[in-house]
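Open the model in your viewer and keep the selection tool at hand. Each stop below tells you what to select and what is there.

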Amino acid sequence: MLQINLPQLPDITTSRLLMREQTLSDAPALFNLRTNPEVMRYIERPRPKAVADSEAVIRSINENFHKGMNMIWAITLKENPEQMIGNLGYWRTDLANHRAEIGYMLHPDYWRQGILSEALTAIIDFGFNTMGLHSMCANINPANDASRQLLLKHGFIKEAYFREDYYFDGKFLDSEIYGLLNSAG
């Protein structure tokens, strides 16, 4: 079984970005992301009612990191590392099978600037070369063409289309699953 023994979530830097652990001071930014209709258009999850709900999510994310269940970074610009503009990471890890599910969200002010692509490149590298993953997957809403194009750009391939496999807000929804194998592994 794959084991990840990191005392804390490591910072990851790219040319423009610093990806770091989410802290309680990020709760207002996370609340704004998770209540923004544009951001959440294709993310079928309950919306927080207050910033305290986002604080609880951050506590849970950080606790689950220490249990080996996830690794989720705040996306920040290097010149303003205190301001979270999005997040990304491995929402679910399947250590027995060396696989993790990747997910991300970004504030619309930063869309179409290559930020998610830059962040995803670094997180894929970290997953394969530091964590030792064999594969990763992403589960998207089939209507989310921007996410599909981002995944395809990074070498993911469509593995499955599940019809009405997910129930949210009174209706059954479809899912598309994309996967990426570690070509070096």
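## Stop one: a loop proline

Select Pro142, which lies in the loop between β6 and α5. Helices (H or I, at least four residues) and strands (E, at least two) are DSSP runs, numbered from the N terminus. This is a predicted model, where local features need pLDDT of at least 70, side-chain atom pairs count only at pLDDT 80 or more, and totals for chains, interfaces and linings use all residues. Residues are numbered from 1 along each chain as its sequence is written, and side-chain values use heavy atoms, leaving out hydrogens and water.

Is Pro142 buried or exposed? Pro142 is buried, at a relative accessible area of 17%. Buried means under 20% relative accessible area, exposed over 50%, and partly exposed in between (1.4 Å probe, protein chains only). Now show what Pro142 touches: Arg148, Tyr161, Asp174, Ser175 and Glu176, not counting residues up to four places away in sequence. Contact means heavy atoms within 4.5 Å. Then pick Gly103: its C-alpha atom is 15 Å from that of Pro142, and the two are 39 residues apart along the chain.

## Stop two: into helix α5

Move to Ser147, in helix α5. Ser147 is buried, with a relative accessible area of 7%. Tyr104 and Ile140 touch Ser147, leaving out residues up to four places away in sequence.

## Stop three: the sheet

Colour the strands. In what order do the 8 strands of the open sheet run? The order is β1-β2-β3-β4-β5-β6-β8-β7, with mixed pairing. Two strands pair if DSSP finds at least two bridges between them. At the edges are β1 (12–13) and β7 (157–168), each pairing on one side only. Zoom in on β1: 2 bridges join it to β2 (residues 17–21), and these strands run antiparallel. Here Ile12 stands opposite Met19 in β2.

Next, select helix α4 (residues 115–131), which packs on the sheet. Helix α4 touches β1, β2, β3 (71–77), β4 (86–94), β5 (99–106), β6 (135–140) and β8 (171–181).

## Stop four: the cores

Look for the largest nonpolar core, which has 37 residues. A nonpolar core is a set of buried Ala, Val, Leu, Ile, Met, Phe, Trp, Tyr and Cys residues joined through side-chain atoms within 4.5 Å. Met19, Trp73, Ile75, Tyr90 and Met136 have the most contacts inside this core. Its largest share, 10 residues, comes from α4.

Centre on Met19. Beyond its neighbours within four places in sequence, Met19 is in contact with residues including Trp73, Ile75, Leu88, Ala119 and Ile123. A second, separate core has 10 residues, among them Ala27, Ala29, Leu33 and Ile58.

## Stop five: two helices cross

Select α1 (residues 27–34) and α3 (residues 51–66). They pack at an angle of about 105°, with axes 8 Å apart. Because angles of 65 to 115 degrees count as roughly perpendicular (under 35 is roughly parallel, over 145 roughly antiparallel, the rest oblique), α1 is roughly perpendicular to α3. Axes are lines fitted to C-alpha atoms, for helices over the stretch in contact, and angles run from 0 to 180 degrees between N-to-C directions.

Show the side chains. Ala27, Pro28, Leu30 and Phe31 in α1 meet Val51, Ser54, Glu55, Val57 and Ile58 in α3. How much of α1 is buried? Of its 8 residues, 6 are buried. The cover includes α2 (37–40), α3, β4 and β5.

Finish at His66, also in helix α3. His66 is exposed, with a relative accessible area of 55%. Gln3 is 63 residues from His66 in sequence and 12 Å away in space, C-alpha to C-alpha.
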